[in-house]
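Subject: Structure handover

Hello,

Here is the structure I promised to pass on. Please open it alongside this note. My findings follow below.

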Amino acid sequence: MKKIWLFIVLTSLFLSCSDKERSNNNPYIPNYTVNLSVNMSLPAYSDLKYASNGVIVSGFGAKGIIIFNTGSGYTAFDAACPNQELSSCVAMTIKGINAVCSCDKTEYSLFTGLGGKEYPLKQYKVDVAGLVIRVYN
């Protein structure tokens, strides 16, 4: 009986641990400090009010920041290609629900940041207060 209880306790402990904060370590993209606020009432960012729309805000991070409305929240990623040298590619572009690397044409999901290569998109934290989206690390 003690073995069963031990098994149940260890199993619950193991299942309660999760890795919601995925590692952002990437040898190609430096860790720049990002603190960006975007107001969706401005015309340049008004598309972010609607699901499956994204914008690129230049001047932040390595190559700009991609902000994307997932329908249930927002994601924010660096616009630098995560599997290429920083100087070899221009900023990624948005193609529907994906970001496309200019060097190797790899597409990365703007929902998850995954693209089938070694490194996913470099992700930033997002807070939303009314019509203002704050992206930071």
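**Disulfides**

C89 has a relative accessible area of 7%, so C89 counts as buried. Keep in mind that this is a predicted model. The sulfur of C89 lies 1.7 Å from that of C103, and the two form a disulfide. The link is left-handed, with -125° about the S-S bond. C89 sits in the loop between β4 and β5, and C103 in the loop between β6 and β7, so the bond ties together parts 14 residues apart in sequence. C103 is partly exposed, at 35% relative accessibility.

The count of disulfides comes to 2. C81 and C101 form one of them, with an S to S distance of 2.2 Å. Here the link is right-handed, with 115° about the S-S bond. C81 belongs to the loop between β4 and β5 (93-95). C101 belongs to the loop between β6 (98-100) and β7 (107-109). The two cysteines are 20 residues apart, and their bond links distant parts of the chain. C81 is buried, at 5% relative accessibility. C101 is buried too, with a relative accessible area of 1%. With bonded cysteines counted along the chain, the pattern reads 1-3, 2-4.

**The sheet**

How do the strands line up in the open sheet? There are 6 of them, in the order β1-β9-β8-β4-β3-β2, with antiparallel pairing. β1 and β2 take the edges. Each has a single partner strand, so one side of each lacks a neighbour in the sheet. From one strand to the next, the twist averages 25°.

β3 and β4 run antiparallel and are joined by 5 bridges. I65 has D78 as its bridge partner in β4, and I67 has A76.

Is β4 enclosed or open to solvent? Of its 5 residues, 5 are buried, so β4 is largely enclosed by the rest of the structure. Both faces are covered. Y74, A76 and D78 are buried on one side, T75 and F77 on the other.

**The cores**

In soluble globular proteins, nonpolar side chains tend to be buried together. In this model, the largest nonpolar core has 14 residues. Which of them touch the most other members? They are L36, L48, I65, I67, I133 and V135. Five strands each supply at least two residues of this core: β1 (35-39), β2 (54-57), β3 (65-69), β4 (74-78) and β9 (132-136).

V135 is worth a look on screen. Leaving aside residues up to four places away in sequence, V135 touches V34, N35, L36, I65, I67, A76, Y124, K125 and V126. A second core is separate and has 12 residues. Among them are A79, A99, C101 and L121.

Best wishes

Definitions and conventions
Residues are numbered from 1 along each chain as its sequence is written. This is a predicted model: local features need pLDDT of at least 70, side-chain atom pairs count only at pLDDT 80 or more; totals for chains, interfaces and linings use all residues. Side-chain values use heavy atoms; hydrogens and water are left out. A nonpolar core is a set of buried Ala, Val, Leu, Ile, Met, Phe, Trp, Tyr and Cys residues joined through side-chain atoms within 4.5 Å. Buried means under 20% relative accessible area, exposed over 50%, partly exposed in between (1.4 Å probe, protein chains only). Helices (H or I, at least four residues) and strands (E, at least two) are DSSP runs, numbered from the N terminus. Contact means heavy atoms within 4.5 Å. Two strands pair if DSSP finds at least two bridges between them. Axes are lines fitted to C-alpha atoms, for helices over the stretch in contact, and angles run from 0 to 180 degrees between N-to-C directions. A disulfide is a pair of cysteine sulfur atoms within 2.5 Å.
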